Amino acid sequence: MKFCEDNDTFCKEQHGFTRGKSCLTNLLETLENWTRSLDEGYGLDMVYLDYKKAFDSVPHRRLLLLEKLKGLGIKGKLLQWLENFLTLRTMIVGIRGTFSLIQLVLSGVPQGSVLAPLLYLMFVNELPFWIKSEMRMFADDTKVWCRIKEEKELQEDLDKLSSWSGIWQLKFNAEKCQVMHIGHSCSTDYYMTGGLSGKTKLESVQEERELGVLIRSDLKSVSQCNKSAATARVLEW
């Protein structure tokens, strides 16, 4: 982690598990950007991205051998140590005293380990450089947005992210990705590659929980305030 901090390894869009950043900084930066655009008379289209079992899906070989870690300056004995840490892990499933055969685990960062979030951040670190639209991330919680005059650019960026997903085998769950039209009523449709139909139309939502806070398409805090007030009343009672 010190090596990453000293070498400014992580992209500025990443707020998860990094020094000086948090859920709060992510939300503050995002809302500042959105309200500024609305004040300037622009609506926004924003897409919440959802991965398929993100921490369990990171392919070991692509993380270790296809220049991911090497490109970040990780090499020599440290790279070899990380390879030994990740590879040749096995798993077995037991149900009511009956057990499966032992299988090699070929993907995923070990849950509960100190290294798991750090390795995940390294794997997705390049994601913002693939697109032109704004993006903010908190580990695997990712959102991307643009002003409505650039909606074609947003669809192009979603296509690029789908291409990245295919190359690096970290799949998006297209059925759970959602779009929110902020500050305007124009309902442009957006699509992502993936899902049962091959190309999935993203569901449009008016409200979504993000990092523990309810975000509405009009950016008013009514829902969050009502929820907090209701919780306070229950605690007082």
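**Before starting.** I am working from a predicted model.

**Sheet.** I began with the strand order. I found an open sheet of five strands, ordered β6-β7-β1-β8-β11, with mixed pairing. Which strands stand at the edges? I get β6 (134–138) and β11 (203–204). Each has a single partner strand, so one side of each is left without a neighbour in the sheet.

Next I looked at β1 and β8. Strand β1 covers residues 44–49 and strand β8 covers residues 178–182; they pair in the antiparallel sense over five bridges. I looked up Leu44 and found that its bridge partner in β8 is Ile182.

Then I checked what packs on the sheet. Helix α8 lies across β1, β6 and β7 (141–147), and I noted that α8 runs at about 15 degrees to β1.

**Hairpin.** I moved on to β12 (residues 207–210) and β13 (residues 213–216). They run antiparallel and are joined by four bridges. Glu210 has Val213 as its bridge partner in β13. The two strands make a hairpin with two residues between them. I checked the turn as well: Leu211 has a positive phi of about 50 degrees.

**Aromatic rings.** How many aromatic pairs does the structure hold? I have eight in my list. I took Trp81 and Phe85 to start with. Their ring centres are 5.8 Å apart and their planes are at 5 degrees, so I put the pair down as stacked. Both sit in helix α6 (residues 76–86), and because they are four residues apart, about one helical turn separates them. Is Trp81 buried, partly exposed or exposed? With a relative accessible area of 47%, Trp81 is partly exposed.

The cut-off for buried is under 20%.

I also wrote down one aromatic cluster, formed by Tyr51, Phe55, Tyr120 and Phe172.

**Back to Phe85.** What sits over the ring of Phe85? I found the charged end of Arg89 there, 4.8 Å from the ring centre.

Key: Residues numbered from 1 in each chain as written. Predicted model: local features only at pLDDT ≥ 70, side-chain atom pairs only at ≥ 80, totals over all residues. Heavy atoms only, no water. Pairing = 2+ DSSP bridges. Phe/Tyr/Trp six-rings, centres within 6.5 Å; stacked < 30°, edge-to-face > 60°. Buried < 20%, exposed > 50% of the residue type's maximum accessible area, 1.4 Å probe, protein only. Lys NZ or Arg CZ within 6 Å of the ring centre and 35° of its normal. Contact = heavy atoms within 4.5 Å. Axes fitted to C-alpha atoms, helices over the stretch in contact; angles between N-to-C directions.
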